[in-house]
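Please look over the sequence and the structure shown below before reading on.

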Amino acid sequence: LTNLVRALSDDWPSVRRDAAYALGVVMTPPVDSRVADELIYSLADPDSSVRLAAALALGRLRAAPAGDHLIGRMVDTDLPVRLAAIRAVGEIREARALVALQHQLEYYRGGTAGRAALEALARIAHASNADLFAREKFSKSEAHRRYAYEGIARLGGIPSADAVAMEQLLTEERDEAVAAAMGFALAAAGRPY
């Protein structure tokens with residue numbers, strides 16, 4: 001681990017990138033603060049592949065101290081880095097990212113960044129997004145429906161008054177990922193799913 005951390009400041013971008021990926025793979029949460037600090041520093045690397053690897057590793061390791069830095073990377077000039085930062089704030093459940101994620105969702109609603117923002121919001125599952133999840137569960141987009149139901153599940157599931165209607169919708173759902181998320185929401189509410 002010490003050599004991987006040292007490699008994060010190597011002269012070669014490919015070595016720095018591979019070190020960040022390796023740390024994300026070999027370590028398990030909770031991550032040591034020294035390692036988290038080095039990965040956070042890598043978020044400012046001039047090479048986008050290093051920033052991407054660092055964002056993915058920080059999310060995988062659930063490095064909560066990286067929250068502010070990941071929020072800053074949500075506007076990176078490189079799309080894969082932006083998407084990795086959005087995913088990472090969801091994985092670490094960074095509530096301070098809620099406003100930025102909602103802006104991403106509004107601006108990129110039909111795009112990849114919009115879907116990533118909704119997924120991150122579903123992972124964070126803040127009570128202020130309950131209405132958003134309630135609206136998105138009727139979206140034409142399978143991904144939006146899936147993330148809406150995941151958010152609802154993490155907020156405690158479907159209210160018992162709506163469970164019967166949801167069970168009916170579940171029998172009509174054709175997308176397996178959406179159906180699994182619906183089952184997750186029903187199970188979170190104590191239904192036998």
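## How two helices cross

In this predicted model, helix 4 passes helix 6 in a left-handed crossing. Two packed helices are described by the angle between their axes and the distance between the axes. Here the axes of helix 4 and helix 6 cross at roughly 15 degrees and come within 8 Å, and because an angle under 35 degrees counts as roughly parallel, helix 4 is roughly parallel to helix 6.

The residues that meet include Ser48, Arg51, Leu52 and Ala55 on the side of helix 4, while helix 6 contributes, among others, Pro80, Val81, Ala84 and Ala88.

## Helix 6 and its surroundings

Helix 6 covers residues 79–91, and its 13 residues reach 18 Å from the first C-alpha to the last, which is close to the 18 Å expected at 1.5 Å a residue. Of these 13 residues, 10 are buried, so helix 6 is largely enclosed by the rest of the structure. Among the buried residues are Val81, Arg82, Leu83 and Glu91, and the cover over the buried residues includes helix 4 (48–60), helix 5 (67–73), helix 7 (98–107) and helix 8 (112–124).

After helix 6 comes Arg93, which has a positive phi, near 55 degrees.

## An aromatic pair

The count of aromatic pairs comes to one. This pair joins Tyr107 and Tyr108 in an edge-to-face arrangement, with 4.7 Å centre to centre and 85 degrees between the planes. Tyr107 counts as exposed, because its relative accessibility is 67%, whereas Tyr108, with a relative accessible area of 31%, is partly exposed.

Note on methods: Residues are numbered from 1 along each chain as its sequence is written. This is a predicted model: local features need pLDDT of at least 70, side-chain atom pairs count only at pLDDT 80 or more; totals for chains, interfaces and linings use all residues. Side-chain values use heavy atoms; hydrogens and water are left out. Helices (H or I, at least four residues) and strands (E, at least two) are DSSP runs, numbered from the N terminus. The expected span of a helix is 1.5 Å times one less than its number of residues. Buried means under 20% relative accessible area, exposed over 50%, partly exposed in between (1.4 Å probe, protein chains only). Contact means heavy atoms within 4.5 Å. Rings of Phe, Tyr and Trp (its six-membered ring) pair if their centres lie within 6.5 Å; planes under 30 degrees apart count as stacked, over 60 as edge-to-face and the rest as tilted. Axes are lines fitted to C-alpha atoms, for helices over the stretch in contact, and angles run from 0 to 180 degrees between N-to-C directions. Angles under 35 degrees count as roughly parallel, over 145 as roughly antiparallel, 65 to 115 as roughly perpendicular and the rest as oblique. A crossing is left-handed if the near helix is turned anticlockwise from the far one by less than a right angle, and right-handed if clockwise.
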